[in-house]
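I open these notes to record what I looked up in this structure. The entries follow the order in which I consulted it.

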Amino acid sequence: MPKDFLAGVQSEYDVVVIGSGLAGMTSANILGRAGHRVLLLEQHYKLGGLATWFKRPGGHTFDISLHGFPYGMLKSCKRYWNDDIASNIVQLNNIRFDNPMFSLTTTYNREDFTALLESHFKIPRETIVQFFDTARGMNFYDDQSLSTRELFHKFFPGREDIVRLLMEPITYANGSTLEDPAITYGIVFSNFMAKGVFIYEGGTDDLVSKMQAEMTRNGVDSRIKCDVSKILVQNGKVRGVEVNGKQIRCRAVVSNSNLRATIFNLVGQDHFDPKFVQDAQAVRLNNSSTQVYMAIKPGVEIPESTGDLLFCSTANAFRTDLLLDRNITSRTFSFYYPRTRPDGKQRHAIVSSTNANWSDWADLDQQAYQESKKDLIETTLDALEKYVPNCREKIEWVEAATPRTFHHYTKHVSGASFGTKFEGLGVSRGLPQQIQGLYHAGSVGIIMSGWLGAINYGVIVSNEVDQMLSKTALPTPS
Ligand SMILES: Cc1cc2nc3c(=O)[nH]c(=O)nc-3n(C[C@H](O)[C@H](O)[C@H](O)COP(=O)(O)OP(=O)(O)OC[C@H]3O[C@@H](n4cnc5c(N)ncnc54)[C@H](O)[C@@H]3O)c2cc1C
């Protein structure tokens, strides 16, 4: 008989969280800690969403999205998770750029960038100070008509090299482009510039297992392999969810599933105002990604001077379409040294990541898909050769992931890596006004993307759910 992943589940909870990405888990943890009865349902066979990892023979573990986040992650983990998790957050010091315009290494914080812009790029200090202050002063309520391109033009007109230095890592970190509102750049860039780039030492597997243990301590009932097919709505209120053929009642739902999937697939557009449906239909998804995972043979060392994060490109100019093009010219290499998993086997790994279009991969037949993956691997190894000489001889295992892989594991529409573009934030925030008890937390609007953005969005939404639950009465069983 197939295993019942809902065995022992209650017929009713205060809140059901759909999806165990960082936003979903954070919401569940805070609500559980506040004493609410919480059920967390994840369709995949492990928790974490895009914050995930996989293992391969030879003691190799690959992280999918553990490449770097701002310092704020430490504070959020301390406050909303626990000290043990927060204490594993450490800084990455070797951030490298290598492209036809410049090659340099930086600690990627305001002090170092000020020195670089002044000495290497010959920008007057006053302009640099004004630029940083403008970026740091940006917030959600600012004028959204200024684009990132216009922001750069204001301070560094005609300086394509500086645009590249300032934009390349952010495009990689949240999929934002020069055409997006400047605040999506300013807020995220300033978060990084505050102290630099940080990572979780111990690996994503360690982080997620510690989060799972913390949720259990806080009474959260979490289930894997539970694919929610419907959010039940009656008279404009959330009544429950349908999962694995079972109905479970609740007063609130926090959906960590893709925003568009939540509205159009899980709820159904008939439950919303026509104007809201129109706005939701207009929400653009963010781009997807490809990755190549490479494991180094035991005993082979990669010198740490190779860098922690390497933004490399052979393109002469920095352009959004080039970053997404299937004919890849820009890659970000993450180098994982044995210190990444101090308690694990002493292994080196390299992951190459590139932003990508869903359309370049979606409709390929099996043979064309496999050939395209092979080409992705070979061209990535060619590019790596410059930084890790004879890399093919040093590598024991290599494989690739595509937008189809991300779609397969997370159900994100079009394999979106960073949720939606900016307009998604307003739609996500508007859900509870449409249906009482319906909330969404997860990568939206660029600002609320990435590990820190997702966790912080989970915090904001859980506070709102907490207030709503305290105010409303229990539903009568139907
Ligand atoms: C290749 C790549 C590299 C990245 N690198 C970085 C990085 O270096 N730094 C950084 O900060 N961020 C990075 N990110 C982004 C970051 O990983 C995400 O923004 C963040 O993890 C998203 O969290 P989330 O809470 O939005 O949910 P997700 O991680 O998107 O999880 C959503 C969850 O919901 C589940 N789900 C969906 N539908 C259902 C359903 N119907 N029933 C049950 N469960 C469901 C999914 O299975 C999934 O587990 C990267 C992303 C990618 C793809």
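Entry one. I began with K411, which counts as partly exposed, with 17 C-beta neighbours inside 10 Å. The model I am reading is a predicted one. I placed K411 in the loop between α15 and α16 (423–434). I then looked up its backbone: K411 has a positive phi of about 65°, although it is not a glycine.

Entry two. I turned to N244, which is not a glycine and yet has a positive phi of about 45°. I found N244 in the loop that lies between β11 (237–243) and β12 (246–255). N244 is partly exposed, and 17 other C-beta atoms lie within 10 Å.

For the chain as a whole, I noted 17 helices and 18 strands. Its radius of gyration is 22 Å, close to the 23 Å that the globule rule gives for 478 residues, so the chain is as compact as a globular protein of that length. Along the principal axes, the C-alpha atoms fill a box of roughly 70 × 50 × 45 Å. I recorded that 49% of the 478 residues count as buried. Finally, of the contacts with a separation of 6 or more, 74% are between residues 24 or more positions apart.

Note on methods: Residues are numbered from 1 along each chain as its sequence is written. This is a predicted model: local features need pLDDT of at least 70, side-chain atom pairs count only at pLDDT 80 or more; totals for chains, interfaces and linings use all residues. Helices (H or I, at least four residues) and strands (E, at least two) are DSSP runs, numbered from the N terminus. The radius of gyration is taken over C-alpha atoms; the globule rule is 2.2 Å times the number of residues to the power 0.38. A residue is buried if 20 or more other C-beta atoms lie within 10 Å of its own, exposed if 12 or fewer, and partly exposed in between; C-beta atoms are placed from the backbone. Two residues are in contact if their C-beta atoms, placed from the backbone, lie within 7 Å.
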